[in-house]
Amino acid sequence: MATELDAHQEFLYEIVQKCNRCGYCQEVCPLYNVTGLERSVARGHAYHLRGIIEGRMHLSTDVARAFSECLLCKACVGNCLAGVDTEKIVVAAREAYWTQRGRPLVQRIIFRHLLTSPKKMMYVLRLAYWVKSLRFFRLRMADRLLQAFLPALAHAGGFFNHLPKKFLVERLSDLPLHNPAATHRVAYFVGCAMNFVFPDAAEATLRVLHKLGYDVEVVNNVCCGLPAYSNGDIDSARNLARLNLAVFANLGVEAIVTECASCSSFLKEYQRLLKDDPIYGSVAQAFSAKIKDTSELIARQPMPRLEAVADTLAVTYHDPCHLHRYQKIREEPRSLLQAIPGLLYKELPEAGWCCGGAGSFNITHPEESAGVLARKMANVAKTGTDTLVTSCPGCMIQLEYGIRLRGLGIKVVHLNQLLDRALPAQDQIERGDAKC
Amino acid sequence: MLTRSRGKYPAPYTTVSGCLPAGFVEQLTKHLGPEKVLTQPSDLMLYESDAYDYKERPVAVVFPESTEQVAFVLRIANEFGVPFVARGAGTGLSGGAIPPPGGIVITLTRMNHIIEVDIENRCAVVEPGVVNLVLNRAVAPYGYIFAPDPSSQKVSTIGGNTAENAGGPHCLKYGVTADHILRMQVVLPDGDTVEVSGKNPGVPGCDLAGLLCGSEGMLGIITRLTVRLIPAPDGVRTMLAIFRTIEAAAATVSAIIAAGITPATVEMMDNLAIQAIEPVVKAGYPMDAAAVLLIEVDGRGESLERQAKQIVRICFDKGAASVETARSEAERDRLWTGRRGMGSAITAISPNYANFDGVVPRNQIVEALRRISQIGQKYGIRILNSFHAGDGNLHPTLLFDATKSEQVERVHRAGLEILKICVELGGSITGEHGVGIEKKDAMSFMFRDTELAFMRKVKDVFDPKALCNVGKMFPGDAGGGEVQPISGEFHASRSGEWPLNAPARETAAHVVDNLTPKYVVHAACPQDVADVITEASRSGEGLIPWGGGTKVHVGNIPSTYDAALCLDRLDRVLEYDVENQTLTVEAGARFADVLEIAAGQGQRLPITLTTDMAATVGGVVATNDYGPEAGHHGYLRNFILGLEVVLPTGEILSLGGKVVKNVAGLNVSRLFIGSYGTFGVITKATFRLVPRPEKTLILGFWLDGFQNVANFMATLAATRVDPSSVELFDSNVPGKITSMRPLKVHDPVLVVVRLEGFEEEVSWQQKEIERSFRTLIPTGGGYPEVVDLADLSAQQMDPQQMVSKMRAHFFAADGPEDMALLKIVTPSTRSGFMVSASRRLAQNYGLAAAVIVYALDGTIFLRLSRAPGQYNSNTGQRAFAKSVASFIRDLRAVSPGPIVALRVPLDIKSDIDVWGDYPGKRLVHRLKAAIDPKGILAPGRM
C-alpha cells in the first residue's frame, strides 16, 4: 500500500526544499520553547524528511521519535516566510514510519475498530470509567496494569477528573432538536470528546441552536478521523471520512455544525483528503463546504438580547489551534463573548499559543506537554479572571488538568455553555422579538 | 528500512565524521547528565548546518547550563583533543555554527536567563542563550531597549549576535552589536574562564571586548554578557519615497545625512526588487520605479515632525516622484508591506535564493548597483537589491534553482565577484553576516597575508591547540594554521639617515620615568617606523612610540628604553570623506586639529580628552582616552573604522576600512586601542564622524554630597532622559592643588549635565530634569549657580568653556612633584560609594583629594596631594609617596573595579603595579608575549 511519502514524494520534497533553515520557526514553536531541541521544531522536521527523501537518513525509530515531537499546532506554518507546511511533513513521516514498521495493536484497534463504531467505543469507555471510579487500591492496581501493558496510556487517567454519568447520545431523546417553525435546517456532528467527556457542553450547543431557531438533525456519525490522521493512519482517516460522508448524504441541510474545533477543522479537510477518490471526491467537496463551527454559524445570525450570566464575572478566551489557525476563526468567539452583558472580557496574553493538549500528545509526551501547559497557565493566571472559555474539548481537558494541578480555581467552559446561559429561553426570545 | 534515492535528487550524502575518542562521551554524560548530551545520528544530523548551505555532522551535541559546565566541556575537549563550536539559535548565514570536522556542537540555548536588569547603570546582564527579542520585551516596561536588531532578532541569541557582531536595519543610528556590549565572561578554549571589560568599559588594557565581538566564536565561548540599554524612542515617522532614477535615491540618502538627520532606518529597493515584490505582495509600488526608499526617523514629538518634513523636502528636492508619510500605525504597516513581504515574494518566484552581504561607502552605492547588474547579466542570474542604504550595506539576492548544480556554481562565482567589487569600491566583504565558511575565500580580497597571519597569531594565543571553531574565516585552510615566520631581511641601511645620537636637548625632552633615551628617531612614513623597529629588533633595544608626549608618564617603569620613536612628522590628514563622514589621518597629527577640521564641516568626533592640546591621534588611540560623554556616545573603539599599525616584527598591518559596518575577519585593530604602544605602533587611523547636534545645553546644579549620586543617576534613568554627559566635580577641583582641603560628606558636588540633540528634544529633557530634581537641588536648577564655583566665579564664561577649563586645570600635566592622579573604574551606581571610601582613606593617610566623576559610566578621577596641615612637614616627598602607595593598596582591596595610577611619584612606581588588576590582564600579557616576544615596544610598561 502506497503511503503519502511514496505517492507524493515530489510534492513533499518541494515543501521541504522551500525551507531555507532560517530558524524563525523557533520563536513560535511551543514545543521548541520547552525542549530547546532542533528535533522538535519545524526546521528539524523539514531537515529530517529532506534527508530521508534524499537518502541520507533512514526513517529509524529515533527519527520517528523526532516526528512524534510535534503538536501539529501549525504555529510555524503561519510564521514561515517560505510557507513550509510542516503539518503535512510530520503527518506524512508518521504515516511512512508506521506503515514501514507495522502499526501497533492499540492504534489498530482504536483507529480501525473503535472509532468506526460509536457503540463499541461507548462500551469500552463505560468499562474504563467504571475502573476509574473504583476505590483507591483497585485504581492503583489498574494503573499498574496500564503501566505494564500500555505505558502510553498510563498517564491518561490523570486528565479526567469527573466523568459524565450519561453520554450525549444517551440524552438525545430528552433534548429539543426539531423546530418545525424553523427556516434554517442544520445537521449536528457529534464529536467523540464532546459526546463522551463533555456531554453537558454538547447539550448546551444543541440548546443554543434550538433557542436561535434552528431545526437540528442528529445522525449516527463516527469519529471525524483526526486522531487517526494525526498519528499518520491516513487510510483509517479516509475510511472514517467515507463513513461520515455516507451518513450525512442527502440530508438536505444547509450546514453541518459542530462545536468541536478539532472536528470542524478536520471535516473541512475532507475535500483534500479524498481529493483523488473517484466516488467520494465530489461528495467530500460539497460536504466540507457545509462544515461550520458553531461560533462561525451563530456570529453571522442576528442575536437576541443576551442576559447576564450568574456567578461568572470575568472571562478570558483561549484560541484552540484548530479554530484560529486551521480555520482562521478568531473574532467570532470573542464578539459572542463580548456581547454577553455584565461580563468582563479580558484578552488572554498569547491566546493562540497551543495549550499542549494536542489530541493525545499530553498522554504520549507528558513532560513536554506539561512544559507547554505551564506557559499557558502562567498567562491564564495573569488575567485574573474566574472563567476560561474555549471551543475545543481537547483544550478543555488539558486546561482543566492544568488548573486543577495548580489549584487556580478557574472554571473551564465551552463557549456554548456560556451562550446557553446567556440566551433567554425560546419563548422569551419570541416575545422579545415581538416587542422590537 | 525505508531509504529513498532517486536519480533526480542529489546523491546520498556521506559524512566523514571523525571517531570520538573512547571515554569522551562517557565523561560528558557522567558529569552533565545524559539528557544534556545528544549522540543519536538522527539528532546529530540536525546540527550539521545552520542557516548557511553547508554540512558537517558533529560527533556529539551538548547542552551546558552554566559557565562551569561550559568550562568542563572545554576542558574535556582539550584533554581528548576534540574540536568544538558554540551554537545559539543556529540562524547564522555564513556557517558560523557548523562544527569543525570530527567536532562537537556546544548549544547554549539552555543558558537563557536574564540575570539582572540594571536600569540605574543602563545595562542588563544576560546569559548568551537569551533571545534578542526576549531581552527587549523584558526591558520594555522600563522604557529601555537593547538596540541591535538583526532581522533574526525574534529567534537569534545575544551570544550569537555578539559573536557575529550582528547589524540590522537600525545600525546607522544605533550602531552595531559591538557598540552595545559592555562586559563579557568568556571560557577560553583551554577551559579557563576570564572576565573582559566591565559594566564600566573604561578598564585599562587593550580592547579585548572589541576583539571578541565579531570573533565568530573562534577565540572562546561567551558565557555571560553585560549589554548596554538605551531609552526607547518615543515615536517614529515612516516615509516612503519613489524615485525614477537610482542616482536620485542615492543622492537623497546622502543629503538627508548631510542635513544632520540620522534616520533610524533607510532601506532601498531597486527596480528588480520592486518588480519581484509588487505582483506578489501588492504594496502599491509603481512597477516602473527605479528605486523605493523607506525612511524612518525616531525620537520625540515635535522634533520628529520637523525632521520628517525636512526629509520629505529633501526627497522632492532630489527628484522623488512621490513621497508618502505614515500618519498611523496602520499606515506604517502598509508602507512596510513591500519590504516585509520580500521574503515570501522571493520564495514565490524562485525555488532558492542566496543573500549576499557586501558593504560599500554610501556614495558608491550607485556604482556598486550598476556593476552588480552587469554581473547579473554576465552570469545570467536574476539579482534583486533590497538593502540598508544608510550604511551602504548591500544585500544582493541571487535567485536560482538548487536542483541545477551548474546554477549553484554560477551563483557562487557571481557572489564572489560582487564581494570583490565591494572591496574595490572601498568597502567590505561582509557587513553583518560574518565570514564563517561562506566567505573564507573572499578574505584575500581584503587582507594581505600579513594581516591574515597576524589574525592567526592572535587566534593561536587564545586557542593554541586549534580546537575552537577551526576551519573558518581564514582562506584555504582547515585548521588553526601556521604563523608566518618573520622575515629577517630588512634594510638597515636607512638608519644612517636618522640622527642616532640625538642632541642632548632632544633626548632630554623625551625622558620617561627619569630614563633618558640614547636616540630620538623621527619617522616620516610607515616604512621608516618599520625600519626602526626592525633595527631595534636586531639589536634588542627598547623603543617607546612618542606622539605628543602627554601620557608618557602613564605606565610602569620601562625595563629598557633606548630610543624614542617620534611620529610627529606623520601628521597629514590623508582623506576626509565628508559625505561618508569618515576621516583618515596619520598618527602624528594633533587630535585637536582633527576635531577642528571636522567641526569645519559640521561634524565631530565626540571624544573629550583628559590631556591637553598636544595629544596626537596615535597617542589618543593607544591610550584609549575618553571623556564624560563616552557612556553615551561610546569610547574610541566605537569610532575607529580602520588602523594602520607597524608590528614589532616590522610588518605593516592595514586593518579595517572606511565603512561603518564591517565584520570581515578578527577585529585585531581593537588590540591596539588602549595598548599604550606595546603591541605595535599606530601610523594611521580612520574615524567615523557624527553630525554636530543642532543644540547643546549645559545644566549645572548642586548635589548635597556624593552619597546622593546613585539616587541621582537612578532618578535620571527613570526619567528616560538621555544626557550626552553627566560630570561631577567636588569643590577641590577648581582650586589650587596646594590648597586642597579634606571634604566632608555633605560637601556640595557640582553636577554638570550636557544635553544634545534637536532643539525640541533638548528642551523636553531640560524640563524633565528640572521637574524631577526640584527636590534634590537645594539652590534650584540652572546655570547661574555654576559660576559661583571657587575662583572661577569672577570670570564671565560660557559654561562649556568653564567646564573644560576646570577639567584642564584638574588634569594639568605640570603639577608639583607631590601629586598623584588615579583613575577608578566602577559602575556608575558605585561611584558615590567609591568617592566616599577614598576620601575617608585619604584622610587617614594625611592626603587631600579632588574628584571628577564621569557619572554616565562611573569613571572616577582622583587627584591626591598632601592635606594642608601636612604640607610643610619635613617628612618630605618620600613620606607622601609612601602614603600614596599605601592608599592605592588599601583602595584596591575594597574597589569593585580596577584602579589605575595615572600619575604617581616615581619612587613607588616599582612597588605598586600602575595598572593593578583588571579584567583580561592575563590575556593581555599572553598576547604581548606572542606579538612582541623580544620585548621591543614599550617594554615593561604594561
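A salt bridge is a side-chain nitrogen of Lys or Arg sitting within 4 Å of a carboxyl oxygen of Asp or Glu. By that rule, a search of the whole structure turns up 83 salt bridges over all chains. The structure is a predicted model, so local features need pLDDT of at least 70 and side-chain atom pairs count only at pLDDT 80 or more, while totals for chains, interfaces and linings use all residues. Residues are numbered from 1 along each chain as its sequence is written, chains are lettered from A and ligands numbered from 1 in the order in which they are written, and side-chain values use heavy atoms, with hydrogens and water left out.

The two chains come first. Contact here means heavy atoms within 4.5 Å, and on that basis 39 residues of chain A touch 48 residues of chain B. Buried area is the accessible area (1.4 Å probe) that two parts lose on being put together, summed over both. For chains A and B this comes to about 3,700 Å², with 50% of it on carbon and sulfur atoms. On the chain A side, A:Arg21, A:Tyr47 and A:Arg56 give up the most area to chain B, together 17% of what that side buries. Six salt bridges are found across the interface. A:Arg56 also pairs with B:Glu48 in a salt bridge, at 2.7 Å from N to O.

Helices (H or I, at least four residues) and strands (E, at least two) are DSSP runs, numbered from the N terminus, and B:Thr109 sits in the loop between β4 (104–107) and β5 (114–118) of chain B. Buried means under 20% relative accessible area, exposed means over 50%, and partly exposed is in between (1.4 Å probe, protein chains only). At 11%, B:Thr109 counts as buried. Leaving aside neighbours within four places in sequence, its contacts include A:Tyr32 and A:Gly36 as well as B:Phe63 and B:Gly129.

Now for salt bridges inside chain B. B:Glu65 pairs with B:Lys36, the closest N and O atoms being 3.8 Å apart. B:Glu65 lies in the loop between β2 (60–62) and α3 (67–80), and B:Lys36 in the loop between α1 (24–32) and β1 (37–38), so the pair ties together parts that are 29 residues apart in sequence. B:Glu65 is partly exposed at 34%, whereas B:Lys36 is buried at 9%. Another pair, B:Arg878 and B:Asp907, meets at 3.5 Å from N to O. This one links helix α26 (residues 876–894) to helix α27 (residues 906–909) of chain B. B:Arg878 is exposed at 55%, and B:Asp907 is partly exposed at 40%.

Chain A has a salt-bridge network too, which links A:Arg171, A:Asp200, A:Glu203, A:Arg207, A:Lys211 and A:Asp420. Elsewhere in chain A, helix α16 (residues 234–248) packs against helix α17 (residues 261–273) at about 105 degrees, with their axes 11 Å apart. Axes are lines fitted to C-alpha atoms, for helices over the stretch in contact, and angles run from 0 to 180 degrees between N-to-C directions. The two helices are therefore roughly perpendicular (65 to 115 degrees; under 35 is roughly parallel, over 145 roughly antiparallel and the rest oblique). Among the residues that meet are A:Ile234 and A:Leu245 in α16(A) and A:Phe266 and A:Tyr270 in α17(A).
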